[in-house]
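Please load the coordinates in your viewer and keep a selection panel at hand. The stops below proceed from a pair of strands to their sheet, then to a loop, and finally to the chain as a whole.

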Amino acid sequence: MNKTANTLILLTAVGLGTGAAHVNHPPTSHAPLLRSDAAKKTASLSLIAGSDQSNAGLNFNGKHGGQSTLTVPLGWTVELHYRNAGTMPHSVVVDAPSKGMAQKLPLKFSEASAAFTGAHSKNVTGGVGRTVPTEMVRFTANKAGDYLIACGVTGHAMGGQYLKLHVNVQARVATLTEVPVTKL
């Protein structure tokens, strides 16, 4: 039996397979990237900038160019457990695609441009190095729509360092899905 099947059996055995919590596991890791807690209305995502050398290190959890989409129910608390494992400075900010250009990245990011109060790491435009401890970025997803989870360091998002966030009125649990790479 493979590790995924064992995990599913274990989750069901302890009552987590009943809808109490939804956990997405990456195929090659023991630790979940996403924890979805419907009772607490909280989605917790481990977000590692520069986790490997894919896309020249401009990635989150090895994904880039909108390759992963985090979907959360409207009104939920989102916790991004953010850290930089890369060799260059990185940051994280949740922002909307440029107004009037639904498929375009904003040219500049800042704390003020965050789509939700608190939806950014420290030093958005300058980033932080790999020696800085994990930072909790916490916000309430109180506006339905499509957003970007992007690195705010100049040029990084344009280079593909972003994931997608979908705040959905009809969602009941948070999910993390992967799609083929498509740059905005």
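**First stop: a strand pair**

Select β6 and strand β8 (residues 145–150): they run antiparallel and are joined by 3 bridges. Two strands are taken as paired if DSSP finds at least two bridges between them. Strands are DSSP runs of E with at least two residues, helices are runs of H or I with at least four residues, and both are numbered from the N terminus. Within this pair, display Val 94, which stands opposite Ile 149 in β8.

Before moving on, note that this is a predicted model, in which local features need pLDDT of at least 70 and side-chain atom pairs count only at pLDDT 80 or more, while totals for chains, interfaces and linings use all residues. Residues are numbered from 1 along each chain as its sequence is written, and side-chain values use heavy atoms, with hydrogens and water left out.

Select Asn 55, in the loop between β3 (42–49) and β4 (68–73). Asn 55 is not a glycine, yet its phi is positive, at about 55°. Ala 56 is found in the loop between β3 and β4, and its phi, near 55°, is likewise a positive value in a residue other than glycine.

Are these residues buried or exposed? Asn 55 counts as partly exposed at 23% relative accessibility, whereas Ala 56 is exposed, with a relative accessible area of 54%. Buried denotes under 20% relative accessible area, exposed over 50%, and partly exposed the range in between (1.4 Å probe, protein chains only).

**Last stop: the whole chain**

Now select the protein chain, which holds 1 helix and 10 strands. Of its 184 residues, 44% are buried. Among contacts (heavy atoms within 4.5 Å) with a separation of 6 or more, 67% involve residues 24 or more positions apart.
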